[in-house]
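I opened the model and looked up its sheets, strands and domains.

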Amino acid sequence: MYYRTKMSTVAKNNVVRMHFSVKDDEGAQLYEGHLVYLHGHGNLLAAVERELTGMRIGERKKFRLSPEEGYGNYNEELLGVLPYEVFPTDQRIDVGMVFELHTKERVLLLQIKELRENGVLVDANHPLAGKHLNFDVTIEGVRPASAIEMEHGHAHDFLEKPCEDT
Ligand SMILES: [Zn+2]
């Protein structure tokens with residue numbers, strides 16, 4: 001249930017339901033759909049939460065994020081050639097496919113850019129790195145978060161099963 005009160009603006013510890021789309025500067029649609037999230041807990045990009053703060057139910061807003069505010073600048077140093085041996089042999093590999101590379105610190109997602117004679121050209125940049133992101137957002141609902149949602153740091157709408165306390 002969504003509360004329609006004068007308090008219903010996007011603010012910290014409110015659960016927000018919105019519809020939004022994101023396009024790059026070439027007009028290609030990267031995402032379109034609904035989202036429910038807990039505001040002010042780092043669930044969305046910081047720049048997106050900043051733009052949404054103070055919006056009211058029914059309000060629509062368009063804004064554009066720089067790559068720095070989005071998923072970072074494109075870094076040429078994250079391109080590299082890996083030998084064919086490191087890829088699973090039971091699977092066909094092709095341009096556009098994404099593989100996980102587990103390093104000591106983190107999991108990198110590598111997208112295959114080119115199949116070369118000497119190896120596979122892979123790209124560890126985020127798929128949206130270097131892109132301006134053009135948002136079109138409509139706020140559909142706002143309600144105060146429950147104590148347990150605030151503790152967990154996320155909204156509990158549409159969860160298929162109750163979350164584990166961790
Ligand atoms: Zn939870």
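My entries follow, starting with the ground rules.

**Ground rules.** I am reading a predicted model, where local features need pLDDT of at least 70, side-chain atom pairs count only at pLDDT 80 or more, and totals for chains, interfaces and linings use all residues. Residues are numbered from 1 along each chain as its sequence is written.

**Domains.** I looked up the domain assignment (bounds come from an automatic or database assignment) and found domain 1 (14-71 + 131-152) and domain 2 (76-123). Their C-alpha centres lie 32 Å apart.

I traced an open, antiparallel sheet with strand order 2-1-8-3. Strand 2 (29-38) and strand 3 (60-65) are at its edges with a single partner strand each, so one side of each has no neighbour in the sheet. On average, neighbouring strands here are turned by 25 degrees against each other, direction ignored. For that angle, axes are lines fitted to C-alpha atoms. Strands are DSSP runs (E, at least two residues), numbered from the N terminus, and two of them pair if DSSP finds at least two bridges between them.

**Strands 1 and 8.** I found 10 bridges between strand 1 (residues 14-23) and strand 8 (residues 133-144), running antiparallel. Opposite Val22 I found Phe135 of strand 8.

**Strands 5 and 6.** How many bridges pair strand 5 with strand 6? I found five, in the antiparallel sense, with strand 6 spanning residues 107-116. A hairpin of four residues joins the two strands. Val98 has Gln111 in strand 6 as its bridge partner.

Notes
Axes are lines fitted to C-alpha atoms, for helices over the stretch in contact, and angles run from 0 to 180 degrees between N-to-C directions.
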